[in-house]
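Subject: Structure for you to look at

Hi,

Here is the structure I said I would pass on.

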Amino acid sequence: MLPRKDLGEPVRSQDPVEDPSVTLFREYLRIKTVHPEPNYGAAIQFLERVGAELGLACQKAEVCPGQVITILTWQGTSPQLCSILLNSHIDVVPVFEEHWSHDPFEAFKDSEGNIYARGAQDMKCVSIQYLEAIRRLKAEGKRFPRTIHLTFVPDEEIGGHKGMELFVKRPEFKALNVGFALDEGLANPTDTYTVFYGERNPWWIQVKCEGNPGHGSRFIENTAAEKMHRVITSFLEFRKSEEQRLKHDESLTLGDVTSVNLTMLNGGVSFNVVPSEMSAAFDIRIAPTVNLEAFEQQIAAWCRAAGEGVIYEFHQKNMDQCVTSTAETDPWWKAFSGACRDMNMTVKCEIFPAATDSRYIRAVGCPAIGFSPMNRTPVLLHDHNEYLNEQG
Ligand SMILES: CSCC[C@H](NC(C)=O)C(=O)O
Ligand SMILES: [Zn+2]
Ligand SMILES: [Zn+2]
């Protein structure tokens with residue numbers, strides 16, 4: 001978090017006067033927008049108040065009962081041009097409080113200026129950065145031809161199905177006339193800033209195996225467990241090959257390969273009863289270069305080869321493989337990367353390894369970049385003791 005320029009030199013954490021942008025950030029962190037019962041009402045009130053202070057117009061769109069998108073707007077001087085969307089989610093993931101050194105909703109600041117709170121990196125810092133950037137630009141008397149919209153959305157941390165996924169299909173979104181969007185990325189421990197121009201496709205697959213039941217003392221043929229063993233072997237052998245590919249090619253990052261994890265196993269009722277059904281859940285993240293139809297055929301073949309009565313079903317199947325252009329000829333990328341260059345920022349472009357709301361924005365044809373501008377910061381999203389230094 002960059003202290004405001006108009007206050008001169010950066011404020012040191014031991015200084016009695018904290019930069020107001022940091023104070024605002026800490027206030028936002030104290031609002032408990034944590035799943036499973038996020039206090040969205042309090043967060044929306046906070047955002048409406050800050051928007052009003054900044055002279056931004058405010059609208060709200062209820063995309064399904066209790067799920068409200070808050071839209072703050074800085075009208076451009078040529079509002080007929082397509083707009084810039086600055087998106088952030090309001091909700092944060094749960095905490096294991098016993099593993100935290102400080103209350104995760106107190107926004108405690110230590111003597112180094114590290115602010116501890118759930119959402120410090122993911123992604124309340126980004127929301128406040130958008131707002132504080134507008135505050136600075138307005139204070140400098142700047143106006144821009146394009147309208148800038150800030151959207152604050154619920155539900156991202158549990159898939160965005162009741163948030164951004166619905167919002168992009170609504171007339172209120174179309175009316176924003178978005179040309180280019182920014183959304184969340186990840187911190188980077190080095191001097192470099194990571195910028196995400198695409199995401200892997202999340203596929204959550206449950207494989208169910210049926211087999212012969214019987215007494216646990218006998219050699220029953222064609223059991224569900226034998227079939228499950230073959231299924232797991234096929235999925236995990238593929239996992240190993242992708243892990244090796246990543247390990248042996250320095251040019252690749254996690255987003256460039258396909259990951260597979262066996263995340264749940266179910267079946268069985270008793271030690272001495274051979275069960276007739278077992279199931280396994282796989283979290284698969286598919287690199288954008290993979291042919292999705294061919295990949296599904298591969299999964300079907302693994303299930304067929306495991307024996308009779310092996311089926312799979314999808315619990316998440318994202319099929320859109322749009323990536324945002326990072327060609328120097330692309331006007332949006334040129335503007336974004338040019339601004340980074342002007343600020344002497346080193347930027348590295350990657351595919352986001354997990355899923356964010358950017359996937360819904362890209363799926364309706366809007367270019368979107370995932371960018372949480374935090375360098376020299378360990379990646380602590382969803383982790384215990386998530387923190388961010390007040391100096392950014
Ligand atoms: C597939 S919906 C779940 C979204 C979640 N996003 C993050 C950033 O953790 C994930 O990738 O698991
Ligand atoms: Zn996030
Ligand atoms: Zn998250």
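Where domain 1 and domain 2 touch, 8 residues of domain 1 are in contact with 8 residues of domain 2. On the domain 1 side, the biggest contributor is strand E15 (residues 347–352), which gives 3 residues. Sorted by class, that side of domain 1 has 6 nonpolar residues, 1 polar and 1 charged.

Before you go further, please keep in mind that this is a predicted model. As for where the domains run, domain 1 is made of two stretches, 20–199 and 323–389, while domain 2 covers 202–317. Their C-alpha centres are 35 Å apart.

**Around the ligand**

Which residues sit around ligand 1? They are Gly159, Pro202, Gln316, Ala354, Ala355 and Thr356. This shell splits into 3 nonpolar and 3 polar residues, with no charged ones.

**Two helix pairs**

I looked at two pairs of packed helices. A pair like this is described by the angle between the axes and the distance between them.

Let's start with helix H1 (residues 20–29) and helix H3 (residues 124–139). Their axes come within 10 Å and cross at roughly 140°. An angle over 145° would count as roughly antiparallel, so at roughly 140° H1 is oblique to H3. The crossing of H1 and H3 is right-handed. If you want to click through the contact, H1 brings Ser21, Leu24, Phe25, Tyr28 and Leu29, and H3 brings Lys124, Cys125, Ser127, Ile128 and Glu132. By class, the contact between H1 and H3 has 6 nonpolar, 2 polar and 2 charged residues.

Next come helix H6 (residues 224–248) and helix H7 (residues 292–305). Here the axes are 8 Å apart and the packing angle is about 150°, so H6 and H7 are roughly antiparallel to each other. The crossing of H6 and H7 is right-handed. In this contact, Arg230, Val231, Ser234 and Phe235 of H6 meet Trp302, Cys303 and Ala305 of H7. The classes for H6 with H7 come to 5 nonpolar, 1 polar and 1 charged.

**Backbone spots to check**

- Histidine 35 and proline 36 are joined by a cis peptide bond, with omega about 10°. Proline 36 is in the loop between H1 and helix H2 (40–53).
- Aspartate 122 and methionine 123 are joined by a cis peptide bond too, with omega about -10°. You'll find methionine 123 in the loop between strand E5 (114–116) and H3.
- Aspartate 155 has a positive phi of about 75°, although it is not a glycine. Look for aspartate 155 in the loop between strand E6 (148–153) and helix H4 (164–167).

That's what I have for now.

Cheers

Methods
Residues are numbered from 1 along each chain as its sequence is written. Chains are lettered from A and ligands numbered from 1 in the order in which they are written. This is a predicted model: local features need pLDDT of at least 70, side-chain atom pairs count only at pLDDT 80 or more; totals for chains, interfaces and linings use all residues. A residue is near a molecule or strand if its C-beta atom, placed from the backbone, lies within 6 Å of it. Ala, Val, Leu, Ile, Met, Phe, Trp, Tyr, Cys and Pro count as nonpolar, Asp, Glu, Lys and Arg as charged, and the others, Gly among them, as polar. Axes are lines fitted to C-alpha atoms, for helices over the stretch in contact, and angles run from 0 to 180 degrees between N-to-C directions. Helices (H or I, at least four residues) and strands (E, at least two) are DSSP runs, numbered from the N terminus. Angles under 35 degrees count as roughly parallel, over 145 as roughly antiparallel, 65 to 115 as roughly perpendicular and the rest as oblique. A crossing is left-handed if the near helix is turned anticlockwise from the far one by less than a right angle, and right-handed if clockwise. Two residues are in contact if their C-beta atoms, placed from the backbone, lie within 7 Å. Domain bounds come from an automatic or database domain assignment.
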